Amino acid sequence: MADCIESPKFLESLRAAIASERSGQHDLALCCVKDAEAYMPRTSHGAFLLGGVCEHCGLLDLAEHYYVLSLRNEASNPRGWHRLGLVRIAKDDFGKALAALRYACALDDRNEHYKIDYSMGLARAGHFSDALSAAVDALAISPNNIIALNNAGHALQCLNRSYDALEYYDRALEIDPGHAALRFGRATALLKSGNYSAGWREYEWRWLDCQTLRTDIDVPVWEGEDLYGKTILIHHEQGYGDSLQFFRLLPQLAQKGARVIVQVPPPLVRLAQGVEGVFKAFPVLEKGTYFDVHCPLLSLPARLNYDPRQKAAEAYLNTGADQSNGCFEKVGRAMKVGLVWAGDPRPGDIKARQTDLRRSVSLEALAPLLALPDMEFISFQMGQAAVQRQKYANKISDGTKDIIDFFDTSVRLREIDILIAVDTSIAHLMAGMGRTVWLLSRFDACWRWGDAGDTTPWYSTMRIFRQSKPGSWQEPVHAMVQALGEFITLKAAV
């Protein structure tokens, strides 16, 4: 900070901004940043420092502005290019981000940290082969760098080489066996490669990495002991799709003699109540509710040693078939096709948001489907992406009006012949009902869909259409158009 010593008010404002942000006073931090702007020395280092504080406070546009200003005065500073690249990744501006990180690596070719972050940025952008190469380059400089090893393992998983990824995870864990992110990455690699027994055990490391274990329950966690005559509380974690997928295990608890109560978010309550073996489902754990043990929903597979290849769960979601009331008017012999083209972007979670950018597709990309004859298309798309339907309102009707929860959705799904969806919760709902689902899967498929194949042991009624290369939906959509034509012909013959 040598060139900032002459501006003590600038340094004081920077420190105050950092302290305010750390204490959760974001508005006060913003005021301190504005004070710092007034006192900032007109030097490269002064702009770099202010950019760093803005980045720390989540003021990404301001951070980018000051990093650029710093680099105008000192274009050969690799630290400036590095930080600029990371800010642009946080803004989903991958093209400019990767250019900045690439330049940082060129300016300081022996800095493994720059190569590691370049690898991370490449993976977030969907350039998985390049991400692997960048991680290997970092390992050539620092062979025992566990983040570089983790990045290599992650890139291999995204390349659908999950078994190969284990080599890098295992090398890293020899160095730091308690590293939670590595253990969780290894868990998903095991699950994706089909090693469920070991994968479920490793999956428990999520509590030290990306999930928060509940502290408001004072009874023991169920570890697999005898449940006969006991009441067990099962509670939701992660996304709606995860709960819908693993509701299949609740009947097994009842078969063990347990009284099963379930706490899930309101949109899932009525659906959970209809699952075989569930005594009661509720959205809020009320004071005085009695239970002997509890278990997070996605810890059940480890406790039950569950392998979907050994025991398929068919139509485990009881969705009230008698309540179907003709929501959609029948148009001749047209086949009813449901459409969902985007997931939940979760704007507050950068990793989830950037994964959603890869898993979601624009409705325009599905236009070849809409050209098929004898089809009645119905949108079940929720959220901001639903506005895309307006362009095709003459071809796609809205199936979401007045829906309040997943039970309502399930009733309407009973009236369609097939659901075409990206990897989001409604695909689990339809498949869990034992109905036909065609899943559009991104290239770096989620662990639950494995590394390859168009079928899955999780759902016998699901067919997977995978991207053959990252970011390209043209091929799986074309394959779906052909398959849908065949499906129509087959249905007409029955």
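**Exercise 1. Determine which aromatic ring R463 lies over, and at what distance from the ring centre.**

Solution. The criterion comes first: a charge sits over a ring if NZ of Lys or CZ of Arg is within 6 Å of the ring centre and within 35 degrees of the ring normal. R463 lies over the face of W438, at 5.7 Å from the ring centre. A further case is R259, placed over the face of F279 at 3.9 Å from the ring centre.

The model is a predicted one, in which local features need pLDDT of at least 70 and side-chain atom pairs count only at pLDDT 80 or more, while totals for chains, interfaces and linings use all residues. Residues are numbered from 1 along each chain as its sequence is written, and side-chain values use heavy atoms, with hydrogens and water left out.

**Exercise 2. Classify the aromatic pair of W438 and F465, and state why it links separate parts of the sequence.**

Solution. Rings of Phe, Tyr and Trp (its six-membered ring) pair if their centres lie within 6.5 Å; planes under 30 degrees apart count as stacked, over 60 as edge-to-face and the rest as tilted. The structure holds 17 aromatic pairs. In the pair of W438 and F465, the centres are 5.3 Å apart and the planes make 50 degrees, which gives a tilted pair. W438 belongs to strand β9 (residues 437-441) and F465 to strand β10 (residues 462-466), so the pair ties together parts that are 27 residues apart in sequence. Strands (E, at least two residues) and helices (H or I, at least four) are DSSP runs, numbered from the N terminus. Both W438 and F465 are buried, that is, under 20% relative accessible area (1.4 Å probe, protein chains only).

**Exercise 3. Describe the sheet that contains β9, and the helix that packs on it.**

Solution. Two strands pair if DSSP finds at least two bridges between them. Six strands form an open sheet with parallel pairing, in the order β7-β6-β5-β8-β9-β10. Its edge strands, each pairing on one side only, are β7 (396-398) and β10. From one strand to the next, the twist averages 25 degrees. Strand β8 (residues 418-422) runs parallel to β9 and is joined to it by four bridges; L419 has V437 in β9 as its bridge partner. Helix α20 (residues 425-432) packs on this sheet and touches β5 (335-340), β8, β9 and β10, its direction making about 150 degrees with that of β8. Contact means heavy atoms within 4.5 Å; axes are lines fitted to C-alpha atoms, for helices over the stretch in contact, and angles run from 0 to 180 degrees between N-to-C directions.

Notes:
Buried < 20%, exposed > 50% of the residue type's maximum accessible area, 1.4 Å probe, protein only.
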